[in-house]
Amino acid sequence: MRTSRQPRSRLWAAAVVAAMTALTAAPAVAADAHYDRAFMLAADARCGLFAPPVRVALTAATLQARGAQLRGGATAVQAAETARRARARAAATRCDHPELRMVAGRVDQAFAGWLGLRRMEFPGLSAAWSADRAGFDAPRWRLSQTGLTGASPVVVGRVWGETGLTVAVSFVGKPRPTSARIVMRDVGRFPNPWIGSRPTLAPEAQRRAVWAGETAPAAKALFPGGRRGGEAWAFPERAVAELAALDPREAFVVEFVFRDGSVARAQFEVGDLAAAEAFLELGTL
């Protein structure tokens, strides 16, 4: 809803865009999707348009649209300006505006499908986060991204029934590491994202590390194909928040340190981690 004179067809388009579950559109379309979703989210904050589950789904969709806009070539400043304009427009729109109420109803209907989704993929530039809202008695991934260090599979994410971030690794032909850490850009000291043509870790001088608190044997189900067991390293909850605060186009690295001082590395993409986290807030199915 860019102006009060917008045609109803444009408002309906906003509702359709808001219901999309994946965005691979051209930059201009991705920016429009971010604007539309951010507008509806801001209007809901003012006017109480949606029930909590729809609000959570719309939050996830808005974060997803922001990531798509950034991957389409926008800068972080441009994406922030898109959200600012959307919030400003929402602040100037009456809560009883008939077209706003009409679009809210359409968005409410469109997101009904989201509420029943068990699994969802959140693709990035070169990797994806897989989110699963199902409940399990045995260890299973609620949120995961898969990588490699050499020929050894590494998976990072959230495990059902556990808090914080988990990294599972199954080393092939190596001694077991003595410690593990997640390396990322130090946002407190270097607020500007490090962006390249592909997800890249910030230079060494701009990095910080979060160390794992403990390790334990990992279930086979935590590895692709369940081929063999390995180790699971537990990281604090703050590691999730710190990664989600990074630019979706950035990379982070899991490093495994061995007794002889050698280090094995697996690189991952930040991607739409924040959107995937919001999707999981819809609760367990």
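Contact here means heavy atoms within 4.5 Å. Helices (H or I, at least four residues) and strands (E, at least two) are DSSP runs, numbered from the N terminus. Axes are lines fitted to C-alpha atoms, for helices over the stretch in contact, and angles run from 0 to 180 degrees between N-to-C directions.

With that in hand, select helix H7, residues 237-244. Helix H7 lies across strands S6 (179-185), S7 and S10, and runs at about 155 degrees to S7.

A word on the model: it is predicted, so local features need pLDDT of at least 70 and side-chain atom pairs count only at pLDDT 80 or more, while totals for chains, interfaces and linings use all residues. Residues are numbered from 1 along each chain as its sequence is written, and side-chain values use heavy atoms, with hydrogens and water left out.

Now show the strands of the open sheet, which has 4 of them in the order S7-S6-S10-S11, with antiparallel pairing. Two strands pair if DSSP finds at least two bridges between them. S7 (207-211) and S11 (263-269) are at the edges with a single partner strand each, so one side of each has no neighbour in the sheet. On average, neighbouring strands here are turned by 25 degrees against each other, direction ignored. Zoom in on S10 (residues 251-257), joined to antiparallel S11 by 7 bridges. There, Val257 stands opposite Val263 in S11.

**A helix pair**

Next, select H3 (residues 52-71) and H4 (residues 76-91). Their axes are 9 Å apart, and the helices pack at an angle of about 140 degrees. H3 and H4 are therefore oblique to each other; angles under 35 degrees count as roughly parallel, over 145 as roughly antiparallel, 65 to 115 as roughly perpendicular and the rest as oblique. Show side chains for the contact: Arg66, Gln69 and Leu70 come from H3, and Ala76, Gln78, Ala79 and Thr82 from H4.

**A hairpin**

Move on to S1 (residues 119-123). Buried means under 20% relative accessible area, exposed over 50%, partly exposed in between (1.4 Å probe, protein chains only). A hairpin of 4 residues leads from S1 to S2. S2 (residues 128-132) pairs with S1 in the antiparallel sense over 5 bridges, and Trp129 in S2 stands opposite Phe122.

**Zooming out**

Finally, view the whole chain: 8 helices and 11 strands, with 48% of its 285 residues buried.
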